[in-house]
Each structure stands twice: as structure tokens, then as C-alpha cells.
Amino acid sequence: MSGDDIAAIGLTGQMHGAVVLDRAGEVLRPAILWNDQRTGPECDVIREALGGVERLVAITGNDALTGFTAPKLVWIRDHEPDIWARIAHVLLPKDYVRLRLTGDFAIDKADGAGTILFDLAARNWSAEILGALEIDPAWLPPTFEGPAVTGSITKDAVEATGLRAGTPVVAGGGDQAANGVGVGAVAPGVVALSLGTSGVIFAATDRPLFEPRGRVHAFCHAVPDRWHMMSVMLSAAGSLRWFRDAVAPGMAFGELVASAAEVPVGSEGLIFLPYLTGERSPHPDPLARAAFVGLTVAHDRRHMTRAVLEGVSFGLRDGLDLMTQAGMPAPSQIRASGGGTASPLWRQILADVLGAEIATVNTTEGAAYGAGILATVGAGWFHGVDAACEALVLATPAATPGPDAPRYAEAHAIYRELYPALAPSFRRMQ
């Protein structure tokens with residue numbers, strides 16, 4: 001394939017990052033990424049500047065959490081004043097790539113909402129938020145719906161990439177919004193699960209729903225005039241990777257997970273809390289810590305592996321419950337993507353714990369596939385994102401809730417008691 005074969009380009013990438021540039025478009029400091037936890041105090045500053053969590057959530061749909069872009073900018077303001085004084089542009093990581101490809105400053109509305117500098121209902125930057133945080137509106141790029149064309153490939157980009165000059169580039173979406181498109185979660189009633197390093201439950205909505213305390217996220221969708229709710233765990237399949245690397249380095253994931261099938265449901269009383277890097281949903285707490293609870297001499301690596309699979313599933317269920325309590329209908333099917341979904345055992349655990357059919361889709365790269373679908377709409381191949389997804393996304397049922405679901409419900413009830421009990425100790429450990 002050559003650059004001449006490409007009709008349009010869609011972009012996706014990490015959400016919530018902060019790339020700051022000067023007037024010449026030069027990067028002023030290394031990007032601060034989504035998983036950076038330095039901004040706990042700045043989150044408090046933002047809540048105070050807006051008069052409390054309630055007002056912040058009412059505007060943005062979200063509480064201030066360490067991963068978001070706005071706290072990173074406040075951190076630069078208060079810790080790097082020389083850099084702050086030179087800022088002329090603020091972009092997210094994928095939109096810096098856009099700048100290099102097209103020469104244009106632009107951002108999609110889904111990623112814009114993920115900065116928590118957005119008015120969620122208005123689908124654009126919030127003058128009230130920007131004023132409260134002393135952020136110059138001129139720093140922020142114009143916002144576009146996901147399939148809208150924001151620019152085209154420049155001659156300089158041709159030399160760097162081999163793409164054809166003039167190839168249109170669409171707005172695209174942050175990784176989770178694009179993944180929602182990639183698995184067909186573009187209309188109310190379709191729910192997606194991304195089981196990668198982090199774990200995300202994602203649901204499209206036709207109006208801006210939000211959880212009053214901001215414990216799950218509410219953003220604009222990459223689909224025009226739609227929104228989405230999103231529950232985010234920071235360590236999902238990442239928990240399994242950590243466990244493998246720490247306890248069984250070099251062991252294949254398939255072999256490790258297969259051994260867990262030898263252990264009964266509930267891991268014989270062993271529970272894993274998956275808060276290895278703090279948590280976002282349902283506990284927005286950067287000081288939360290992981291733990292195995294209930295270990296005895298009767299447990300071995302097989303039990304611990306299964307407890308990791310079950311603990312991550314319980315955490316995802318916590319987030320799903322918050323979303324349904326906020327007004328989202330309980331799903332009958334959840335479309336799953338990401339490396340963790342390769343395990344039949346884990347898919348069955350998820351079906352039992354989440355109480356819904358788990359379906360796989362015809363791609364293992366949901367976000368990149370979704371960016372491509374958005375590009376097909378921008379290129380005029382389809383009249384809208386719904387039509388493109390209907391033609392290009394195939395969902396196949398892979399697991400349904402079984403007879404173990406009641407036993408998981410009992411274990412989940414115990415799991416939910418552990419974070420509140422341990423949270424004071426987590427803070428004392430710091």
C-alpha cells in the first residue's frame with residue numbers, strides 16, 4: 001500500500017495528556033501523560049476555584065482527578081512559572097501529531113471534554129472553567145466532531161510519512177471514544193469494555209448524563225451530538241501483567257491463566273484489590289493501594305491468579321453499577337476488546353460478574369479501528385457513524401452469565417467492603 005491508496009486519516013491516542021507549546025509551535029517541556037499522579041493538590045485547587053465539586057461536575061460532568069489535563073496545567077502554573085509564561089498553545093498528544101501532519105491546531109470534542117475544561121452540554125470550552133483557572137482561551141484549539149475534516153497532509157508531512165499531499169485528516173477521538181466507535185458502541189444501549197492495561201466500561205448516551213459525585217466520567221462522544229459515560233480502572237490487565245512479572249516472570253499469560261481454571265469460583269476466600277496505581281472509578285483516590293486479602297497456607301499461585309481476574313472484574317462491576325444508577329440502562333450485551341479478552345476464563349468471569357453477555361468484535365485494535373471508521377465518514381464513504389459501524393463492526397457472543405453468577409455476587413459484596421475499611425490505612429502509609 002502506498003500513500004496514494006489512503007483516502008482519509010483518522011487520529012486517536014492517549015486521553016488527558018498535556019503538551020504545551022510556544023508561539024513558534026515548539027514543545028516547552030515533556031508531555032505530562034494520563035497516568036501521572038502528581039496533581040492531587042491541584043485537584044483540590046480546582047474544586048475550590050469552582051466553589052466545590054458540585055459546580056465542577058455540573059459544568060464538566062466530572063470531578064477533578066489527577067489524570068485529567070486541567071490539573072496538569074494548574075501544576076505547571078504553580079510549579080513552573082517560566083514555562084507557564086511562554087505557553088501559547090495547549091494540545092493533547094494525538095493532536096500534536098495532527099499539528100505535525102497538517103499544520104493545524106485542532107482537537108475533537110471527546111478529547112476536549114476529557115480535559116475537564118469543557119462545558120459538557122455545550123460541547124465546547126467553558127469560559128467559567130477557563131476563567132477560574134486563569135487559562136487563556138487563546139491557548140486552546142478549535143473543537144470538531146469526530147468525523148469532521150480538520151486539515152490535510154502538508155508537503156512537509158509527505159516527506160516524513162510518504163502520505164499523499166492533501167489527504168484529509170479527520171478529528172478522530174481519544175482512545176476510549178474511538179474504541180467505542182470501533183466496537184460499535186455509538187448509540188444508547190450498546191456498551192463496550194476495553195480490557196487493556198486499564199479497564200474501561202463505556203456506554204453511549206443521547207444526552208449528557210453524569211454521576212453526581214463524579215465517580216465515573218461523562219464526556220462527549222466522537223459521534224456528533226452524542227455523549228458517553230465511562231468508568232475507568234487504572235490497573236486491569238495491567239494487574240495481571242504485574243502479577244506475572246512479579247511472581248512468574250517469563251511464564252506465558254495463557255499458561256498462567258489456564259492454571260487459574262483449576263481453582264473454584266471465589267478463589268477459596270482470596271480477594272484481590274486491583275489498586276496498583278491508585279484508582280479512578282469507583283474510588284477516585286490516588287492513594288488507594290492493591291492488596292491480597294484472605295491469604296492462607298492453602299493458597300498458591302493458581303488461587304492468586306484467579307483472584308486477580310476476579311478482583312479486576314469486581315472493580316469493573318463497581319463502575320458499571322454507578323453508571324446504571326446515573327440513568328444508563330443495564331446492558332444485555334457488552335462488547336469487549338483488548339488483550340485481556342483473549343482468555344475464555346476471564347470472559348466467563350466477566351459475564352458472570354457483570355451480568356451480561358460478553359461479545360467479541362472483528363478487531364483487536366478497537367481504538368485504531370474506530371479512528372479508521374471515523375475517517376471513512378469524513379471521506380464520504382458513509383452518511384454517518386451509525387451506518388459505518390453497522391457495515392464494518394461484527395459482534396460475536398463469547399460468554400453468557402452462568403450458574404456461578406450468584407457465588408460471584410456474594411464474593412463481590414465482600415470485595416466492596418474492603419476499600420472503605422482499608423482507605424484510612426492507605427493514607428497513613430503515605
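This is a predicted model: local features need pLDDT of at least 70, side-chain atom pairs count only at pLDDT 80 or more; totals for chains, interfaces and linings use all residues.
Let's go to the helix pair. Helix H11 covers residues 253–260, and helix H12 covers residues 301–325. They pack at an angle of about 95°. Their axes are 7 Å apart.

Who touches whom? From H11 we have Leu256, Val257, Ser259 and Ala260. From H12 we have Arg301, Arg302, Thr305, Arg306 and Leu309. By type, the residues of this contact split into four nonpolar, two polar and three charged.

Now step back to the whole protein. The secondary structure comes to 16 helices and 19 strands. The radius of gyration is 22 Å, and the globule rule gives 22 Å for 430 residues, so the protein is as compact as a globular protein of that length. Along its principal axes, the C-alpha trace spans about 65 × 50 × 40 Å.

What share of the residues is buried? Of the 430 residues, 57% are. The protein exposes about 16,700 Å². Carbon and sulfur atoms supply 54% of that area.

Take the contacts between residues at least 6 apart in sequence. Of those, 72% join residues at least 24 apart.

Some individual residues next. Start with His16. His16 sits in the loop between strand E1, residues 12–13, and strand E2. Is His16 buried or exposed? Its relative accessible area is 3%, and the cut-off for buried is under 20%, so His16 is buried. Leaving aside neighbours within four places in sequence, the contacts of His16 include Ile32, Trp34, Phe68, Lys72, Phe219 and Arg280. Gly114 is also among them. Look at Asp111 too. His16 and Asp111 are 95 residues apart along the chain. Their C-alpha atoms are separated by 7.2 Å.

Next, Thr39. Thr39 is in the loop between strand E2, residues 19–21, and helix H1, residues 40–49. Thr39 has 1% relative accessibility and counts as buried. Which residues does Thr39 contact, leaving aside its neighbours within four places in sequence? Thr66, Pro71, Lys72 and Trp75.

On to the strands. Ala336 is in strand E17, residues 333–337. Ala336 is buried, at 3% relative accessible area. Setting aside neighbours within four places in sequence, Ala336 is in contact with Leu193, Thr341, Ile358, Ala359, Thr360 and Val361. Compare Ala336 with Val45. Those two are 291 residues apart along the chain. Their C-alpha atoms are separated by 37 Å.

Phe292 is in strand E16. Beyond its neighbours within four places in sequence, Phe292 is in contact with Trp242, Phe243, Leu270, Ile271, Phe272, Met304, Ala307 and Val308. Met304, Ala307 and Val308 are among these contacts, and helix H12 runs over residues 301–325. For a distance, take Arg38. Phe292 and Arg38 are 254 residues apart along the chain. Their C-alpha atoms are separated by 26 Å.

Last topic: backbone geometry. Most residues other than glycine have a negative phi, and most peptide bonds are trans. Here are some exceptions.

Where is the cis peptide bond? It joins Ser281 and Pro282, with omega about 5°. Pro282 is in the loop between strand E15, residues 271–273, and strand E16, residues 291–293.

Then positive phi. Ile116 has a phi near 55°. Ile116 lies in the loop between helix H6, residues 109–113, and strand E5, residues 118–119. Ile116 is buried, with 1% relative accessible area.

Asp225 has a phi near 60°. Asp225 lies in the loop between strand E13, residues 217–220, and strand E14, residues 227–233. Buried or exposed for Asp225? At 54% relative accessibility, Asp225 counts as exposed. So of this pair, Ile116 is buried, whereas Asp225 is exposed.

That's the tour. Happy to take questions.

Note on methods
Residues are numbered from 1 along each chain as its sequence is written. Side-chain values use heavy atoms; hydrogens and water are left out. Axes are lines fitted to C-alpha atoms, for helices over the stretch in contact, and angles run from 0 to 180 degrees between N-to-C directions. Helices (H or I, at least four residues) and strands (E, at least two) are DSSP runs, numbered from the N terminus. Contact means heavy atoms within 4.5 Å. Ala, Val, Leu, Ile, Met, Phe, Trp, Tyr, Cys and Pro count as nonpolar, Asp, Glu, Lys and Arg as charged, and the others, Gly among them, as polar. The radius of gyration is taken over C-alpha atoms; the globule rule is 2.2 Å times the number of residues to the power 0.38. Buried means under 20% relative accessible area, exposed over 50%, partly exposed in between (1.4 Å probe, protein chains only). Accessible areas come from the Shrake-Rupley method with a 1.4 Å probe; for residues, only the protein chains shown count as cover.
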